[in-house]
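Please keep the sequence and the model in view while reading.

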Amino acid sequence: MSRTLISNVRILDPVSGFDGPGHVLIDGGKIGAVLAADAPLDMAVDQHIDAAGGWLVPGAVDLAARFREPGHTAKADFASETRAAFAGGITRFALPPDTHPVLDTPAMIVRVLRISKAARSPWVMPLGALTQGLAGTALAEMSALKTAGCVGLSQAMAPLDDPLLARRALEYAQGLGMTVHIQPLDARIANGGCAHEGATATRLGLSPIPVAAEVAAMRFWISLVEDTGARLHFGRLSTARGAELVATAQARDLPISADVAAHQLFLTDAALDGFDPAAHLMPPLRSEADRLALREAVKAGVIEAICSDHQPHEADAKRNPFPLTAAGASGLELLWPLTLKWMTEDGVEPLTAVQRVTSTPARRLGLNPPVISAGQPADLALIRPETWTLDPKQLLSRGRNTPLAGMRFTHRVAACWHLGVARHRLSD
Amino acid sequence: MSAVSQLDDQGRLQHLLTLEGLPAATLTDLLDHADQYLDAGRNGDKKHASLLGRTVINLFFEPSTRTRTTFELAAKRLSADVLNLQVAASSTSKGETLFDTLKTLEAMQADMFVIRHDASGAAHFFAAHAAPGVAILNAGDGRHAHPTQGLLDLLTVRQRMGRIAGLKVCLVGDILHSRVARSAIHGLRTLGAAEIRVAAPPTLIPAGISALGAQVFHDLDAALDSVDVVMLLRLQKERMLGAFLPSLGEFHRDYGLTHQRAARLPDHAIVMHPGPINRGVEIEGDMAYGPRSVILEQVNNGIAVRMAVMDRILGARA
């Protein structure tokens, strides 16, 4: 059993609320001890890392990351994305069910868990399909999916056009105590659009996705929650009005929560200028007012989590005229850097920022939140305050598709441990 | 995809993708040059040698007869070798990507691609991926831009009115889907039009059009008040009915250019239409070739403008 001492580090543990200096001993797969700053360090260890100036945080829990396996291995696979996830300080992630085949049977869950084990990936938390084949016509075997290891249910980005089936899906999930994850978009209002409805889309002649496409879907699902009491999580909000709806629902004690993709806090539809296909995202990048409102909502906790919405693509998927390209950006390696850049820019408490990508998303998946204390699994990330500039060629993910090329960051993931093993280490 | 510049580092045109962002001097030069070709044509001098030995490929992913024909004529009058490809049903249906189509045709040593495609940004895509020295001329991409149509509209207005600056122009009809409208708005604005109005029911007005410098009207009579130029846009009847408009009759009643409405226009006002016309929808049928109409001049100007653009891009480099 290997022992690693990380000394002189700032420990940030949102669960205990501790933010202060100390030392952490990793002993085998677990945290062996958390020591006060003035504690003696005369122990025998295999490795001693003097992390002065660094932050030690729990590994991030990502609410939406696509590893593209099975089914889309031309884009990425568990081996490639595992390297990227650890380089991004992520030790657990929710896998949406839109693999191929879809995650709608226990056999598929078993298969994914087996792939993940072989790749020694971060903990994978599968979200089972809400409907068979994500086709929106028949309920999936939710109970069997739960037994097989699903931590929630999701319709991914597939439409669910039958309102009655949607209601029954929520009822059924509620009976099993499972959270339903919905990425709200009314496909009929979106009408195949590819850009936020506004001056940029009009100038570029891109077919628009009105704000109402998100908000109308949310109102619909909220009214079903009012009926059923089912627990609903809205993934990847993009609009100010959407954030406002969540706040209103929460004020009425409805069991509704939400997350946002990290890039939505930084970019607007202005990034589409010149038809940059890297900025083709779903939901689309919206207006500056939306971006600012999303930041406020995350700060206030109305939007409780930030996720990567990781969607790696092969180069060909983005090599087409803008409307014909695949939507999505590669994000695993940018989740911590973007979250901490937001923290720096908006003067957010460090513990709050850490919480948005660790303990809150963990709870949303029904998991014990990660804690930095003796006896806990050693899933940790070491963050270094450091200015650096993103060059997509340096991403470890097989998807180099990012609209954030050239962005300057304030923090960098220097190391990541999963079950006590260093799976990522930046050279000093 | 890197951002594409239409001008090279000496400020010369290397692609024509959109009128947006082009300096007034560039637009004026293109219009002046087109006028030279028109003058030469009136003197019986229709054939020019400036593109001799150059290869122009018309690559049309959308069916088109009139636009493709005018591009073909323009290139031939400049002595280029011209190849017409209607790609819609050929290679892309066999699974070839646009990128591969471009690279394959580039290998035939084309100097210029004239591209029409139903995806906005297609011309930018080709320009971003074309080999250095290969020019891209946008013949219409989705709803985004149709810059040579914009230029021929500007040329037609300038011929009749003597200027663009200070004019009041009203565009009527399907602004939402119209690349012609967007290019006209950019060109008119750059050359100093006093007012650019757009008139249509709200379902056919795209969000944020005022940011492009256009004022929105939902009352055609108010919109036409004291305008110098009326630009009617083609209504694509198939996709309009039910979804955007209750009926063509209702559109004609509220937004059609009728004799009654035309009678209230200032005497000097002209009426334009990019064609093909839906008689009895955008315009009362017998007005299409009436005294205010400049529709046939637009067609003739289209050839001259396309010659001017091709010559400025390919001829100037020789």
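The model is predicted, so local features need pLDDT of at least 70, side-chain atom pairs count only at pLDDT 80 or more, and totals for chains, interfaces and linings use all residues. Residues are numbered from 1 along each chain as its sequence is written, chains are lettered from A in the order in which they are written, and side-chain values use heavy atoms, without hydrogens and water.

**Chain A overall**
- Chain A has 12 helices and 18 strands, which are DSSP runs (H or I, at least four residues, for helices; E, at least two, for strands) numbered from the N terminus.
- Its radius of gyration, 21 Å, is close to the 22 Å that the globule rule gives for 428 residues, so chain A is as compact as a globular protein of that length; the radius is taken over C-alpha atoms, and the rule is 2.2 Å times the number of residues to the power 0.38.
- Along its principal axes, the C-alpha trace of chain A spans about 65 × 50 × 45 Å.
- Of the 428 residues in chain A, 61% are buried, meaning under 20% relative accessible area (1.4 Å probe, protein chains only).

**Residue B:T67**
- B:T67 lies in helix α2 of chain B, which comprises residues 66-77.
- With a relative accessible area of 9%, B:T67 is buried.
- Leaving out residues up to four places away in sequence, B:T67 touches B:F60, B:R116, B:A139, B:H146 and B:R306, where contact means heavy atoms within 4.5 Å.

Notes:
Buried < 20%, exposed > 50% of the residue type's maximum accessible area, 1.4 Å probe, protein only.
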